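Visitor: I would like to go through this model term by term. Please set each value against its cut-off.

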Amino acid sequence: MFFIGNYSKPVWGVEITSNAIAVLNVLCAVVALFLNTVTQIISYRTILRSSLLKSILLGFLVGSGSIFLFYLFIFSRNKSGYVETFALLVANEIIFFALWYCFFNFINMGETARRIRIMRELQAFPEGLTYPEFLQRYNAREMVQRRLDRLLGTGQIFEREERLFLNKPIVLIIAEVVKWMKIIVMGKKSEFD
Amino acid sequence: MKTLFFGNLLAILFFFVHLLIWKIHLPRRQIKTLFILVIVMSFVAFPFLNGSKPSFLSTVIEWESLKALDYFHIYFYYYVISLMYIVFYGALYVDSPSLVMTLRVRETGNVGLPKDVLFKDLGDEVLVKPRLDDLVRDKQAIFSEGKYILTNKGRIFVSFFVFYRKLLKASMGG
């Protein structure tokens with residue numbers, strides 16, 4: 001692996017070997033994900049109670065920033081290897097982003113996914129539920145109302161005289177991107193086509 | 001540089017093979033097929049990684065042959081990127097009600113979409129039944145004697161989400 005730098009002098013009184021740095025170099029994205037997760041949980045339970053999204057973004061900043069600081073430290077010890085240092089920074093930031101994206105979707109699924117809610121409802125009844133029994137607990141009306149409340153609450157749409165209109169374009173842009181990706185990858189616009 | 005080069009190459013190859021297979025025949029269990037494809041591609045690529053030395057990159061940096069940590073880093077990069085794509089694919093595979101609702105509102109333009117039309121069009125047969133059928137197809141639930149019952153596989157899967165929601169002290173979602 002590429003030579004990280006001169007570690008003959010201890011850092012903050014701790015001896016750091018090149019092997020340790022090489023391993024941390026490979027796993028720093030995982031450490032960043034851990035920092036991201038801890039930050040997200042603590043911030044949501046304390047200062048950011050009203051916004052799950054803000055706690056997720058704060059976690060991302062902490063995780064991504066930790067990788068950046070790590071490579072700033074590496075660079076300070078080995079200025080001649082700046083090309084490789086930069087390449088590793090980029091690679092690990094991409095790995096962290098991919099891990100964070102999976103983490104973000106995991107939280108999002110817990111918050112909004114129908115499948116997870118359906119499974120939680122079934123989990124509460126080990127003997128099972130018939131279709132009509134299930135609909136009494138969770139149904140399309142509740143699904144649509146929750147999403148409507150979310151879209152109205154975030155200002156994506158607004159309501160006037162019992163009719164709905166578009167307001168901010170963010171969700172619309174996402175909807176269009178997803179629609180076109182479905183056409184490219186699956187050859188259809190909807191799961192019902 | 002090796003991680004970026006080989007990791008991205010593997011990811012791009014995976015994506016093209018995936019598109020090719022999907023154009024020939026859309027698999028019934030698409031997510032499972034994607035996972036299998038990721039593993040198969042990593043084995044297929046291994047002999048080509050060993051001993052690779054792209055000459056154009058050698059002019060930029062000193063190119064040593066791949067060591068164990070390099071292989072680990074490259075495959076870790078590839079697996080994580082592939083996992084991200086599979087998670088994204090999950091969003092493509094199922095129609096998100098929020099996105100469907102937004103597109104429906106957009107279609108009406110300045111006229112606006114009546115709320116009761118939305119509730120009428122997005123009923124239980126559209127939003128609930130297909131998801132229950134998905135659970136049965138993915139063996140996370142069974143349909144027995146007229147009842148939907150969660151399997152052990154389903155219980156284990158949902159337990160991660162329940163645990164994290166408890167950590168956050170959050171309510172039941174949906």
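Guide: Between chain A and chain B there are 17 residue pairs in polar contact, both residues at pLDDT 80 or more. A polar contact is a pair of N or O atoms within 3.5 Å; within protein, one must be able to donate a hydrogen and the other to accept it, and residues adjacent in sequence count only if both atoms are side-chain atoms. α3(A) gives the most to the side of chain A that touches chain B, with 22 residues.

Visitor: What do the numbering and the pLDDT limits rest on?

Guide: Residues are numbered from 1 along each chain as its sequence is written, and chains are lettered from A and ligands numbered from 1 in the order in which they are written. This is a predicted model, in which local features need pLDDT of at least 70, side-chain atom pairs count only at pLDDT 80 or more, and totals for chains, interfaces and linings use all residues; side-chain values use heavy atoms, with hydrogens and water left out.

Visitor: What makes Arg115(A) and Asp138(B) a salt bridge?

Guide: The N to O distance between their side chains is 2.9 Å. The rule asks for a side-chain nitrogen of Lys or Arg within 4 Å of a carboxyl oxygen of Asp or Glu, so the pair qualifies.

Visitor: How much area is buried between chain A and chain B?

Guide: About 8300 Å², with carbon and sulfur atoms giving 69%. Arg115(A), Arg120(A) and Tyr131(A) supply 9% of what chain A buries against chain B, more than any other three residues. Buried area here is the accessible area (1.4 Å probe) that two parts lose on being put together, summed over both.

Visitor: Which strands form the open sheet, and in what order?

Guide: The order is β1(A)-β2(A)-β1(B), with antiparallel pairing. β1 of chain A and β1 of chain B stand at the edges, each with a single partner strand, so one side of each has no neighbour in the sheet. Strands are DSSP runs of E, at least two residues, numbered from the N terminus.

Visitor: Why is Glu161(A) called exposed?

Guide: Its relative accessibility is 72%. Exposed means over 50% relative accessible area (1.4 Å probe, protein chains only), buried under 20%, and partly exposed in between, so Glu161(A) counts as exposed. Lys169(B), at 55%, is exposed too.

Key:
Two strands pair if DSSP finds at least two bridges between them. Helices (H or I, at least four residues) and strands (E, at least two) are DSSP runs, numbered from the N terminus.
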